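Here's a quick briefing to read alongside the model. Have the sequence and the 3D view open, and go through the topics in order.

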Amino acid sequence: MSDRETHTHPLVTVSGAGSIGESVLAGLLGSGYPAARLRATVRTAEHAGHLARSYAVEVTTDNVRAACGADVLVLAVRPDQAEAVLAETVPQLASGAAVVSLVAGLPLDRIAPAAATRVHAFRVATNAVSIDRSGLLAVTPGRDVPEPVRDTVTGVLRRLGRVVAITEPQQDTAASTLGSGAAFLALTATGIDRAATEAGVSPAVARAFAADALESAAAMLRSSDPGSAAAWDGLATPGGITEAGLGRLLAAGAVDAMADAVRAAVTRAAELALPTSP
Ligand SMILES: NC(=O)c1ccc[n+]([C@@H]2O[C@H](COP(=O)([O-])OP(=O)(O)OC[C@H]3O[C@@H](n4cnc5c(N)ncnc54)[C@H](OP(=O)(O)O)[C@@H]3O)[C@@H](O)[C@H]2O)c1
């Protein structure tokens with residue numbers, strides 16, 4: 001590794017390279033991040049060996065060693081492991097390091113308690129399946145995080161996808177929408193499957209129709225005016241085929257049902273979240 005790499009690439013440790021943590025590792029490597037500036041941990045030696053061989057990155061079961069001198073710790077263990085792993089790793093981090101937690105429901109003040117002034121906490125909501133640089137990472141920095149630390153974390157996260165800033169109370173909504181929203185849309189898309197197969201289309205082609213419709217919908221939403229009440233405004237020709245179908249969906253309360261599903265997920269996320277420190 002050159003001196004330039006050491007200087008320009010913060011040392012990143014991913015604690016818990018499971019489903020989402022492995023996506024982070026793969027995403028950073030795929031963006032050209034030097035393997036020598038990455039480390040990861042998992043619980044079992046077998047998994048560590050498998051990841052180390054697959055990615056040619058240092059992967060161990062030793063959180064303390066892996067965190068030693070790291071500039072950014074990406075916390076990606078399950079919620080029940082989070083605070084034990086923080087207790088092991090935070091004292092090992094470089095002074096002024098960032099702890100970027102992907103753990104759903106773990107509040108900022110439990111990621112970096114007030115006593116741990118040597119590290120800066122960030123909460124990130126994202127979706128493992130979209131973490132291929134096209135996905136979204138909704139980030140909340142802790143209070144008073146210095147600009148250079150924010151820049152470092154943003155620089156790392158931008159290698160994984162588009163970064164948007166949200167407040168901490170919005171994290172449950174982000175986690176529910178990014179995590180569960182795809183499942184809600186996939187559920188409604190099975191209606192496309194059903195109608196197409198009933199018309200004699202093969203199940204494989206019907207599923208491809210549904211997936212293509214969802215991709216087109218994403219492109220439509222991204223280019224729509226966020227101020228307009230309805231993303232499809234102006235796209236349906238009066239009296240045309242799209243309008244005929246939209247009319248059925250609106251009459252069936254599809255928009256209200258989706259909003260209700262998101263509210264239910266957010267309520268459940270809040271119930272499952274750990275309380276902030278007393
Ligand atoms: N999956 C998602 O879509 C998603 C999205 C956003 C946020 N999250 C959050 O990400 C976290 C992980 O979720 P996941 O779905 O990725 O879970 P997961 O696949 O079970 O991954 C957890 C990983 O943590 C490792 N681990 C367990 N205990 C450890 C310890 N003490 N030290 C180091 N590593 C340890 C496990 O190692 P072994 O493999 O060896 O058991 C496993 O690889 C959760 O807190 C979740 O809220 C997940």
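Helices (H or I, at least four residues) and strands (E, at least two) are DSSP runs, numbered from the N terminus. Keep in mind that this is a predicted model, where local features need pLDDT of at least 70, side-chain atom pairs count only at pLDDT 80 or more, and totals for chains, interfaces and linings use all residues. Residue numbers start from 1 along each chain as its sequence is written.

**Overall picture**

- The protein chain has 11 helices and eight strands, and its C-alpha atoms fill a box of roughly 65 × 45 × 35 Å along the principal axes.
- Of its 278 residues, 30% count as buried.
- Contacts here are pairs whose C-beta atoms, placed from the backbone, lie within 7 Å. Among contacts in the protein chain with a separation of 6 or more, 63% come from residues 24 or more positions apart.

**Two domains**

- Domain bounds come from an automatic or database domain assignment, which gives domain 1 (3-166) and domain 2 (174-272).
- The C-alpha centres of domain 1 and domain 2 are 33 Å apart.
- Where the two meet, nine residues of domain 1 are in contact with seven residues of domain 2. The side of domain 1 that touches domain 2 has six nonpolar, three polar and no charged residues.
- For those classes, Ala, Val, Leu, Ile, Met, Phe, Trp, Tyr, Cys and Pro count as nonpolar, Asp, Glu, Lys and Arg as charged, and the others, Gly among them, as polar.

**Helix 5 and its two faces**

- In helix 5 (residues 79-89), the buried residues are Ala 82, Val 85, Leu 86 and Thr 89. They sit on the same side of helix 5 because they cover an arc of only 105 degrees around the axis, the arc being that of the directions from the helix axis to the C-beta atoms.
- Turned away from that buried side is the face with the exposed residues Asp 80, Ala 84 and Ala 87.
- The cover over the buried residues of helix 5 includes strand 1 (12-15), helix 4 (63-67), strand 4 (72-75) and helix 6 (108-111).

**Around the ligand**

- The ligand is surrounded by 26 residues, the closest being Gly 16, Gly 18, Ser 19, Ala 104 and Ala 128. To be near, a residue needs its C-beta atom, placed from the backbone, within 6 Å.
- By class, this shell has 11 nonpolar, 13 polar and two charged residues.

**Strand 6, covered on both sides**

- Seven of the seven residues of strand 6 (residues 119-125) are buried, so strand 6 is largely enclosed by the rest of the structure.
- One side carries Val 119, Ala 121, Arg 123 and Ala 125, the other His 120, Phe 122 and Val 124, and all are buried.
- Strands pair if DSSP finds at least two bridges between them. Strand 5 (residues 97-101) runs parallel to strand 6 over five bridges, with His 120 as the bridge partner of Ala 98.
- Strand 7 (residues 135-141) pairs with strand 6 in the antiparallel sense over four bridges, and Ala 125 stands opposite Ala 138.

**Positive phi**

- Most residues other than glycine have a negative phi.
- Ala 56, in the loop between helix 3 (45-55) and strand 3 (58-60), has a positive phi near 55 degrees.
- Asp 144, in the loop between strand 7 and helix 7 (147-158), has a positive phi of about 60 degrees.

Methods. A residue is buried if 20 or more other C-beta atoms lie within 10 Å of its own, exposed if 12 or fewer, and partly exposed in between; C-beta atoms are placed from the backbone.
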